[in-house]
Amino acid sequence: MSTSDFLRVDEAEPRLAALTVVDVRTPGEFASGHVPGAVNVPLERFESSLATLRRATETGPLLLVCASGARSEKGVAVLASHGITAAGLTGGTRAWAAAGHRLAHPPGPARAVWGMERQVRFTAGALVLLGLALGLLVHPAFQLLSAGIAGGLVFSALTDTCGMAVVLGRLPLNRGPVSPDSRPGSGTGRAVP
């Protein structure tokens, strides 16, 4: 695979046993359902996990997976900048499930966690409404909160980054239990520290 490869679900599924599947979503999102055999290395931890990811390529080619493919694309670029070859799954776990393939879940009670994009939209919308309501009911200066969120969304779109997603990813609901046996390629479907 070259560093710019992206595999469709119908291309990845027959090769799944030969691939080292790395889910780049938050542990909470990962726990809500992932490609079978995937390990969890959140995109925000890539820089600190480079040695582990490099070793994982010895087991098989890396396939990065997220909810829709956007974070996987970023992950492929990060790894490529460090000389690590990886591919992304086009459409992510949504495309995987839509193609009729099952999603695996970690042992224990199921956790229903919204996807990060949905969490960002909810939080941004709630903060805008809060700023407008406080601006009308308390003091007009509170409308600056709404303006700040709007500015942040524009900046996020222009730079293709999202500070709010980084902050939300650190919340306890987006964290999952980390297993000591969580190396990529183990097929355990566990989080990597």
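Which helices each supply at least two residues of the lining of the largest pocket? I found these to be α4, α6 (116–137), α7 (143–159) and α8 (163–169); helices (H or I, at least four residues) and strands (E, at least two) are DSSP runs, numbered from the N terminus.

**Basis.** I worked on a predicted model, in which local features need pLDDT of at least 70 and side-chain atom pairs count only at pLDDT 80 or more, while totals for chains, interfaces and linings use all residues. Residues are numbered from 1 along each chain as its sequence is written, and side-chain values use heavy atoms, with hydrogens and water left out.

**Pocket.** I noted about 890 Å³ of space in the largest pocket. A pocket here is an open set of points on a 1 Å grid over the protein atoms alone, where a 1.4 Å probe fits, with protein on both sides within 12 Å along at least five of seven lines; lining residues have an atom within 4 Å of a point. Grid points are joined across faces, edges and corners, and the volume is the space filled by probe spheres set on the points. Of the 32 lining residues, Arg71, Lys74, Met116, Cys162 and Ala165 lie nearest the centre.

**Sheet.** I next traced an open sheet of five strands, with parallel pairing and the order β1-β5-β4-β2-β3. Its edge strands, β1 (6–7) and β3 (39–40), each pair on one side only. Two strands pair if DSSP finds at least two bridges between them. Strand β4 (residues 62–65) is joined to β2 (residues 20–23) by four bridges and to β5 by three. Within β4, Leu62 is the bridge partner of Thr20, and Leu63 stands opposite both Val21 and Ala87 in β5.

**Burial.** I looked at both faces of β4 and found them covered: Leu62 and Leu64 on one side, and Leu63 and Val65 on the other, are buried (under 20% relative accessible area, 1.4 Å probe, protein chains only).

**Cores.** The largest nonpolar core has 15 residues, and Val22, Phe46, Leu53, Leu62, Leu64, Leu79 and Ala86 have the most contacts inside it. Such a core is a set of buried Ala, Val, Leu, Ile, Met, Phe, Trp, Tyr and Cys residues joined through side-chain atoms within 4.5 Å. Helix α3 (50–56), β4 and α4 each give two or more residues to this core; the largest share, three residues, comes from α3. I also recorded a second, separate core of 14 residues, including Val9, Leu19, Val35 and Trp96.

Terms used. Buried means under 20% relative accessible area, exposed over 50%, partly exposed in between (1.4 Å probe, protein chains only).
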